[in-house]
Structures are given as C-alpha cells and as structure tokens.
Amino acid sequence: TDFRDGCKLTPRSVAKETMYYTDVGEPYKVWSPIVNPTIERYVHVDMGLTNDAAGISICHIAGNVKRSKTSTDRDNFGEIVDYELPYFWVDLMLRILPPGGGEQIRFSDIKQIVMDFQRLGFKFRAASADGYQSANLLQDFSDMGMETAVVSMDRTIEPYSLLRDLFNEDRISIYDYEVVLGELFNLERGVKAGMRNGKRVRIEW
C-alpha cells in the first residue's frame, strides 16, 4: 500500500503466511502477525486538515515487565515489593499525506489500512481517534466490532504523560521512523487556551 509519504507497506513486513491443505489436498494460505499473533491490537488515528498529514498507529500489549518499589502500605511499610506493568509493542506508526490539490484525506483511506491489517490476521480490540471530524470513522470501527473512544491532546495531557512515562520506564518498543522520532523529540510542554464542555479553559501539554 502506498501512503504518499515515500513509504510502502508490504504484507511480509508485518505478517507471515502459512500454507494449509484442505481434505481434498487443495492448498490455501493463512496470514498471521509475525509478533504475538494471538494478541488483540489497538489503533489510534489523528486526522488532519486539508493541508495537514494524518497519523495512524497500531500497537499491542506484548507482555509485562517486573518492577520493584518500597511499599508505603501500613501492613508492609518500607519493604521492597515486586509488581508488574504492561509492555507495549508498536506494530505501525505512519504519517499519511493529503493527496494534494486541496483535497482532504478520506476516512475510507484510514479504514482501508485497518482492513488490510485484518486481512493479514490482525485482530483489533479497540480504536480511538482525536476529536476532529472523527465520529464517522469511529462509527465504522464500532461496526467492525471494536470498542471506540475519543482521545485528544486538546482535552487532556494524559496521553502525552503516558507516552513519556513509557519511554522513561523502557516499557515501549518502536521502530526507527524519522517522522515520529522527530515529533517526539520536538514535543514541548506548553500552555494554550481551549474549550472544554463548552467553556474556555487553560490547557497544558
């Protein structure tokens, strides 16, 4: 699939095929994810304006990592206790450029990417998108059997804080994609005015 970004996604970069045979000896192949093929995935979409790029990411919880801390509970105060936190594996990070000529990225383009992954054996548990004109896309994802939610940095800094913590705690694996790495390194915390529940508020990020 060509995403107008000098990037082409080929099936064998994310999935593998296994050949099977029917009872009468006819061959057929089944695709499955290369990494953790039985684990459900999560997809997030950041829709762009007419001249802006969109973004899509797919990830899954690949397991747990063990950590230790000093307990503050009354029963075992001061003791070192072990606990586990989820470890995230990013299957896809992708910038999608608009077609040009003032055209917008179509929701069907985004949906098609997810459907392509489904055909490769990926199973999706949930989908999220930012608030900008994402209702129709989220409805499509819901019709495909996914849980859906609106997740936007314009409403809360929680997504940024979570991502920062994942990197600081070495609990996320991503591949070398210059577009995303550049965005991460250039992301700065700031303050702006915004709207929340119909009221003008101060938004920090």
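Guide: Let us do so, bearing in mind that this is a predicted model. Leaving out residues up to four places away in sequence, Glu26 touches Tyr20 and Tyr21.

Visitor: Where is Glu26 found?

Guide: Glu26 is found in the loop between strand E1 (15-21) and strand E2 (27-33).

Visitor: Is Glu26 buried or exposed?

Guide: The relative accessible area of Glu26 is 51%, and exposed means over 50%, so Glu26 counts as exposed.

Visitor: How many helices and strands does the chain have?

Guide: There are four helices and 10 strands in the chain. Their order along the sequence is β-β-β-β-β-α-β-α-β-α-β-α-β-β. Of the 205 residues in the chain, 30% are buried.

Visitor: Let us turn to a helix. What should the 13 residues of helix H1 span?

Guide: Helix H1 comprises residues 107-119, and at 1.5 Å a residue its 13 residues should span 18 Å. The end C-alpha atoms of H1 are 19 Å apart, which agrees.

Visitor: Which residues of H1 are buried?

Guide: The buried residues in H1 are Ile110, Ile113, Val114, Asp116 and Phe117. They lie on the same side of H1, because the arc they cover around the axis is only 150°. Their cover includes strand E3 (41-46), strand E4 (54-70), strand E5 (80-96), strand E6 (124-129) and helix H2 (135-143).

Visitor: Which residues of H2 are buried?

Guide: In H2, Leu137, Leu138 and Phe141 are buried. These residues span an arc of only 95° around the axis, so they fall on the same side of H2. The face turned away from that buried side carries the exposed residues Ala135, Asn136 and Asp143. Among the elements that cover the buried residues of H2 are E3, H1, E6 and strand E7 (147-150).

Visitor: How is a pair of aromatic rings described?

Guide: The description of a pair of aromatic rings uses the distance of the centres and the angle of the planes. This structure holds three aromatic pairs. In one of them, the ring centres of Phe117 and Phe122 are 4.9 Å apart and the planes stand at 70°, so the pair is edge-to-face. Phe117 is buried, with a relative accessible area of 0%, and Phe122 is also buried, at 4%.

Visitor: What lies over the face of Tyr83?

Guide: Lys69 lies over the face of Tyr83, at 5.2 Å from the ring centre.

Visitor: Which value does phi of Asn36 take?

Guide: Phi of Asn36 is near 45°, a positive value in a residue other than glycine. Asn36 is placed in the loop between E2 and E3, and its relative accessible area of 26% makes it partly exposed.

Visitor: And where is the place of Asp170?

Guide: Asp170 is in the loop between H3 and E8, just after H3. Its phi is positive, near 55°, in a residue other than glycine. Asp170 counts as exposed, at 56% relative accessibility.

Visitor: Which residues of helix H3 are buried?

Guide: Helix H3 covers residues 158-168, and its buried residues are Tyr160, Ser161 and Leu166. The cover over these residues includes E5 and strand E8 (172-173).

Visitor: With which residues is Leu184 in contact?

Guide: Leu184 is found in helix H4 (residues 178-186). Setting aside neighbours within four places in sequence, Leu184 is in contact with Leu163, Phe167 and Ile174. Leu184 and Leu163 are 21 residues apart along the chain, and their C-alpha atoms are separated by 9.6 Å. Leu184 counts as partly exposed, at 29% relative accessibility.

Technical notes
Residues numbered from 1 in each chain as written. Predicted model: local features only at pLDDT ≥ 70, side-chain atom pairs only at ≥ 80, totals over all residues. Heavy atoms only, no water. Phe/Tyr/Trp six-rings, centres within 6.5 Å; stacked < 30°, edge-to-face > 60°. Buried < 20%, exposed > 50% of the residue type's maximum accessible area, 1.4 Å probe, protein only. Lys NZ or Arg CZ within 6 Å of the ring centre and 35° of its normal. Helix = DSSP H or I, 4+ residues; strand = E, 2+ residues; numbered from the N terminus. Expected span 1.5 Å × (residues − 1). Arc of directions from axis to C-beta. Contact = heavy atoms within 4.5 Å.
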